[in-house]
Amino acid sequence: MAYNGTWKIDRNENYEKFMEAMGVNMMKRKLGAHDNLKITIQQDGNKFTVKESSNFRTIDIEFTLGVNFEYSLADGTELTGSWNMEGNKLVGTFTRKDNGKVLTAYREVIGDELVQTYRYEGVEAKRVFKRD
């Protein structure tokens with residue numbers, strides 16, 4: 001239950017390059033890098049409720065580990081996939097509906113930070129959050 005709580009974006013690593021690889025246009029990349037994202041996570045066994053709140057949108061996501069669900073990124077890219085727990089790390093494998101390419105996401109709590117790592121087409125980025 002280490003994920004439970006509210007997390008506010010602190011810093012990004014290689015995030016603009018990642019968005020570029022995803023096909024996000026320059027204007028949206030500049031805005032996305034400064035979205036003031038806040039994530040609230042509530043875990044109940046294998047079920048998670050996640051609220052993402054940013055300058056652009058607020059969305060509630062519910063998922064169960066190992067069960068596929070649909071999700072849209074802030075730029076409108078539609079994905080389908082699932083999250084699984086590997087040790088203390090959440091691992092998400094998602095397939096883009098538009099081109100069939102895979103996006104892998106990782107979430108893990110390291111110290112007092114929530115680190116989200118994304119991999120797509122050989123590009124890796126990190127978004128690091130602090131407890132709010």
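In residues 5–22, the end C-alpha atoms are 29 Å apart, and the span is 39% helix and 50% strand, helices (H or I, at least four residues) and strands (E, at least two) being DSSP runs numbered from the N terminus. The structure is a predicted model, in which local features need pLDDT of at least 70 and side-chain atom pairs pLDDT 80 or more, while totals for chains, interfaces and linings use all residues. Residues are numbered from 1 along each chain as its sequence is written, and side-chain values use heavy atoms, without hydrogens and water. Residues 5–22 carry the UniProt annotation "domain: Cytosolic fatty-acid binding proteins", from an unreviewed entry; such annotations may be inferred rather than shown by experiment.

Strand E1 (residues 5–13) pairs with E2 in the antiparallel sense over four bridges, where pairing requires at least two DSSP bridges. Lys8 has Lys38 of E2 as its bridge partner, and Lys38 is in turn bridged to Ser53 in E3. E2 and strand E3 (residues 47–53) run antiparallel and are joined by seven bridges. These two strands form a hairpin with two residues between them, and Gly45 in the turn has a positive phi of about 65°.

In a regular strand the side chains alternate between the two faces of the sheet.
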